[in-house]
Amino acid sequence: MTKTEDPRRVELSHSDGSTSPLLLVPAARRDENRPAVLVLPGIAVGARYYLPLARALADAGVDVAITELRGQGESTHRIGRSGGAAGYHESAGEDVPLAVEAMQRELGPRPVVLLGHSMGAQIGVYHLARRDPRVVGLIAVAAQSPFHRGYPREFGRKLRLGSIVMPIVGRLAGHVPGQFFGATGRVPADRVRDWARLAATGVMQPARADLDYVDGLARVTVPALAVVIADDPLAPESAARNLLAMLPAARTTLESEPQPLGHNTWARRPDEIVARVLAWIDREVTTA
């Protein structure tokens, strides 16, 4: 794939009748020893934003897909009271499996590593609790548990207040403006309620769950990497460590990227992060 060529696109159909695109960026020369990577976007960030990241990984021989979270980017999910549920459980229990199935149908059956950005990494952690045998690892970049006690005091107080106020806004309006998260667009109220519970209590148990996620996470043994980016107040090292702590039985690694690449913009100039991702994959999850 050239840098200007559009990715292959597959439409995923959800149980609420909405659709979302899965963008496929296959490697021209696949490294058979490396798993495929599924990118899970951050809150209010469209899938296409991650194309530079996907292309850099594909240039290194890794097949990549980028999924669209319901209610973001080109998803047709109807945000509001009349729309279907779109919380963490729906993403982890339905949307991620749909994306993995489509990846393996289009690119061939291969182990998959989830690469989550910010809230996308939280959803990736939730999915690990479901013990999907196709998923062999998790990479969390500029990601965190939003638990307020994992942040400096002033920022933590804002998170605690947000965990109270934002669900009320969501209940009244049917959505929460993305500006609350430093983003654009609207965020489904269900997703914000699940986020708020995490921010208030640190407990990974979303609404409408069909399993005990906390118990499931305690049994996860696939490896996980968290990459903390310098000068990122939204995902400091303490909050990244709290995310990894949700996987007490897993082999976890935390790395610090000294370049201030930005909470979102690292995905647009991804060379440093890609180098870390590839080194970790080769060390922890190669399929040879």
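1. Basis. The model is predicted: local features need pLDDT of at least 70, side-chain atom pairs count only at pLDDT 80 or more, and totals for chains, interfaces and linings use all residues. Residues are numbered from 1 along each chain as its sequence is written, and side-chain values use heavy atoms, without hydrogens or water.

2. Elements. The protein chain holds eight helices and ten strands. These are DSSP runs, numbered from the N terminus: helices are H or I with at least four residues, strands are E with at least two.

3. Overall form. The radius of gyration, taken over C-alpha atoms, is 17 Å. That agrees with a compact globule of 288 residues, which would have a value near 19 Å. The globule rule is 2.2 Å times the number of residues to the power 0.38. The C-alpha trace spans about 50 × 40 × 35 Å along its principal axes.

4. Burial. Of the 288 residues, 56% are buried. Buried means under 20% relative accessible area, with a 1.4 Å probe and protein chains only.

5. Contacts along the sequence. Contact means heavy atoms within 4.5 Å. Among contacts between residues at least 6 apart in sequence, 74% join residues at least 24 apart.

6. His263. His263 counts as buried because its relative accessibility is 15%. Its side chain makes a polar contact with the side chain of Asp232 at 2.8 Å. Such a contact is a pair of N or O atoms within 3.5 Å; within protein, one must be able to donate a hydrogen and the other to accept it, and residues adjacent in sequence count only if both atoms are side-chain atoms. Beyond neighbours within four places in sequence, the residues in contact with His263 include His117, Ser118, Gln144 and Leu234.

Note on methods
Buried < 20%, exposed > 50% of the residue type's maximum accessible area, 1.4 Å probe, protein only.
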